[in-house]
Amino acid sequence: MQSIATDPLTTGQTAVRVTNLAKAYGDHVVLRDVSLEVAPGTVTALIGPSGAGKSTLLRCMNLLERPDRGQIEICSHRIDASKAISAKALAPLRRSAGMVFQHFNLFPHMTVLRNISLPQQRILGRSREEADTKSMELLARMGLADKAKQYPSRCSGGQQQRIAIARALALGPEVMLFDEPTSALDPEVGVEVLEVMKELAADGMTMIVVTHEMGFAENVSDTLVVMADGGIIEQGDPQRIMRDPQHERTRRFLRAVLER
Amino acid sequence: MELLKAIALGLPMTLLVTAVALGIGSIVALPLLAGLRSGKTAVRFLTRAIIDLLRGIPPVVWLFLLFYGISAGSFRLSAFGAGVIGLGVVAGAYLTEIFRGALGGIKAGQWEASEALGLDRFTMWSKVIGPQGLRVAIPGFTTYAIGLLKDSSIVSTIGVAEIVYLTQQSARTSGQGITVYFIAAAVYIMLSMPIGMLSRNLDIKMRKAVAR
């Protein structure tokens, strides 16, 4: 891996690089030797039938799931999954990758403002004032400044997800990982979240999104990655794949999704 | 009235024994809880064995073992010391289960979010998991506390001058057997009812704050 990382041609051109990632739960293989590269400032949509391993792949990227083997590199922070992983190596990798979950996972016992400020204070060492200023700035950007003093339970699902995005952004990540960010939301509410994600993409954030929103995948993402049975079966320009899928499995999946 | 006064004199001791035993129990429960959640099978097995041992012996036997059994040279546990330690270790075993159940009620997403954000373990426990766990544990904890308040009367068997001890004394000296026990019963009710009400209020208030 050393040679790749120091190669001037590739350095700076890859925000996320996953190499030969494999994971199994007992006999059940979830990921088989998956490799993927994501260029900085691009949006990658991961689609595919359920059980394809999309979420597992995403969750392996910041080591929420421990892969059995393979390498993960996010913004030059590298981890080899087949070796013991130290907390010291894990911290910078997680710091450069923000994560947004399907079920938001806000802290229910803290106000919206504390949800966003506490991690900044603890991880970046910001003072409470600095953190709150940053939090309010992000909330305003999400159109949620009036929710700062509320508890998450007083917010709609779409609002909670935008708060969760603000919480992750507040730590200044270089890459954002989205794990089915709109799947738990009503379609109308999901739109609010997708709008925020579009703005983020337009701002040049590197994003990897596991999604079932084919519109988003086709129109917002730069690269479409189709997964099935624990592997990547096709990847490339979203419009081209949507129009002219090369792989039979992709065709079947797209047919099923589009006919719904 | 005289009798009430004599019995009520034991009230501070009852409260003290209960509070100290709960304190010891809470402290004992933490390493046991960590042991139950350990990744190592041997540690979990050993912890489980310790909990079963602590719970399996009746508190009154613990008290006698500690009070009469432990002596090194001229050192002996005082009746109070033996009482609170005995009740405390048993409480530790039960509180471990209460805390464990409370942790089980916290959604997996809370741990995942803490990890993904990169919070250190101390922050995760003190700011995210701990406060939520405590809220869930409050009803179970107070139920146990009220039970212990009454069960603390067994320390009278080794001569700690709490409510029941003084009641028995009054019964002997006054000759009014049944009356003094009625008074003791009233004193216990006056003690436990406010705790129950306080706990319920606290529970409702906290649920309101974080209602989903």
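Two strands count as paired here if DSSP finds at least two bridges between them. Strands themselves are DSSP runs of E, at least two residues long, while helices are runs of H or I with at least four residues, and both are numbered from the N terminus. By these rules, strand β4 (residues 69–74) of chain A pairs with β5(A) in the antiparallel sense, over 4 bridges. Within this part of the chain, Ile74(A) has His77(A), in β5(A), as its bridge partner.

A word on what is being described: this is a predicted model, in which local features need pLDDT of at least 70 and side-chain atom pairs count only at pLDDT 80 or more, whereas totals for chains, interfaces and linings use all residues. Residues are numbered from 1 along each chain as its sequence is written, chains are lettered from A and ligands numbered from 1 in the order in which they are written, and side-chain values use heavy atoms, with hydrogens and water left out.

Strands β4 and β5 belong to an open sheet of 4 strands in chain A, with the order β2-β1-β4-β5 and antiparallel pairing. At its edges sit β2 (28–38) and β5 (77–80) of chain A, each pairing on one side only. Neighbouring strands are turned against each other by 15° on average, direction ignored. Lying across β4 and β5 of chain A is helix α3 (residues 87–96), which runs at about 125° to β5(A). Such angles, from 0 to 180 degrees, are taken between N-to-C directions of lines fitted to C-alpha atoms, for helices over the stretch in contact, and contact means heavy atoms within 4.5 Å.

Chain B has 9 helices and 2 strands, which follow the pattern α-α-α-α-β-β-α-α-α-α-α along the sequence. Its C-alpha trace spans about 70 × 50 × 25 Å along the principal axes.

Where the chains meet, 22 residues from chain A and 22 residues from chain B take part. About 1,900 Å² is buried between them, 60% of it from carbon and sulfur atoms; buried area is the accessible area (1.4 Å probe) that two parts lose on being put together, summed over both. In chain A, Pro108(A), His109(A) and Arg122(A) lose the most area to chain B, together 30% of what that side buries.

The interface also holds 2 salt bridges, each a side-chain nitrogen of Lys or Arg within 4 Å of a carboxyl oxygen of Asp or Glu. Glu115(B) and Arg94(A) form a salt bridge through their side chains (2.9 Å, N to O).
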